[in-house]
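Biologist: Could you take me through how the helices of this protein are placed, one question at a time?

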Amino acid sequence: MKILFINGPNLNMLGRREPELYGHLTLNDINERIAKKAADLGVEVEFYQSNHEGALIDRIQAAKDENIDAFVVNAGAYTHTSVAIRDALLSTDIKFIEVHLSNIFRREKFRNSSYLSDIAYGVIVGFGYFGYELALEALKYG
Ligand code: DQA
């Protein structure tokens, strides 16, 4: 089983960005934890982050020709704006879990809606970096 973790804009700033909301770990720290857990579970993982909508779409599209079984997607602010990322995910037919570090439902109104949730296999919000590990387990055992 191979899973691609996709992180969108500003998630490269984790650790330095609003730590009271997003925690103190950097994206590298988080990815290292995921990689360790994946090794324990016998799952292959790959990581991709971009601040650019088009680059995220290109990476999602490319996955169609790779043997990727699932995505874990935190599209950052594009979650709330991007029909294009939604369409890219639909075009691949690869299942995905949507993850948000913060609980987007107890924040500003504009964060309460997602262009991805209704087409996601599952949604995990509010558990910080642990959400990515939960997603990994859900894909392995779910
Ligand atoms: C986020 C929530 C989004 O609203 C925000 O724009 C982010 C991070 C989260 O992980 O909680 O960049 O996706």
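Biologist: Which residues of helix α3 are buried, and on how wide an arc around the axis do they lie?

Modeller: In this predicted model, helix α3, which spans residues 53-62, has Leu56, Ile57, Arg59 and Ile60 as its buried residues. What covers these buried residues includes the strands β1 (2-7), β2 (44-49) and β3 (70-74), together with the helix α4 (83-92).

Biologist: How are helix α2 and helix α5 oriented to each other?

Modeller: The axes of α2 (residues 27-41) and α5 (residues 130-141) come within 10 Å and cross at roughly 25°. Angles under 35 degrees count as roughly parallel, and therefore α2 is, relative to α5, roughly parallel.

Biologist: Which residues make that contact, and how many of them are charged?

Modeller: From α2 the contact is made by Ile30, Arg33, Ile34, Lys37, Ala38 and Leu41, while α5 brings Tyr132, Glu133, Leu136, Glu137, Lys140 and Tyr141. Sorted by type, the residues of this contact include seven nonpolar and no polar ones, and the number of charged ones is five.

Biologist: Is Leu136 buried or exposed, and what is its relative accessible area?

Modeller: Leu136 lies in helix α5, and, leaving aside residues up to four places away in sequence, Leu136 touches Ile3, Phe5, Ile34, Lys37, Ala38, Leu41, Val43 and Val45. Of these, Val43 is 93 residues away from Leu136 in sequence, yet their C-alpha atoms are 8.6 Å apart in space. Because buried means under 20% relative accessible area, Leu136 counts as buried, with a value of 0%.

Terms used. Residues are numbered from 1 along each chain as its sequence is written. This is a predicted model: local features need pLDDT of at least 70, side-chain atom pairs count only at pLDDT 80 or more; totals for chains, interfaces and linings use all residues. Side-chain values use heavy atoms; hydrogens and water are left out. Axes are lines fitted to C-alpha atoms, for helices over the stretch in contact, and angles run from 0 to 180 degrees between N-to-C directions. Helices (H or I, at least four residues) and strands (E, at least two) are DSSP runs, numbered from the N terminus. Angles under 35 degrees count as roughly parallel, over 145 as roughly antiparallel, 65 to 115 as roughly perpendicular and the rest as oblique. Contact means heavy atoms within 4.5 Å. Ala, Val, Leu, Ile, Met, Phe, Trp, Tyr, Cys and Pro count as nonpolar, Asp, Glu, Lys and Arg as charged, and the others, Gly among them, as polar. Buried means under 20% relative accessible area, exposed over 50%, partly exposed in between (1.4 Å probe, protein chains only).
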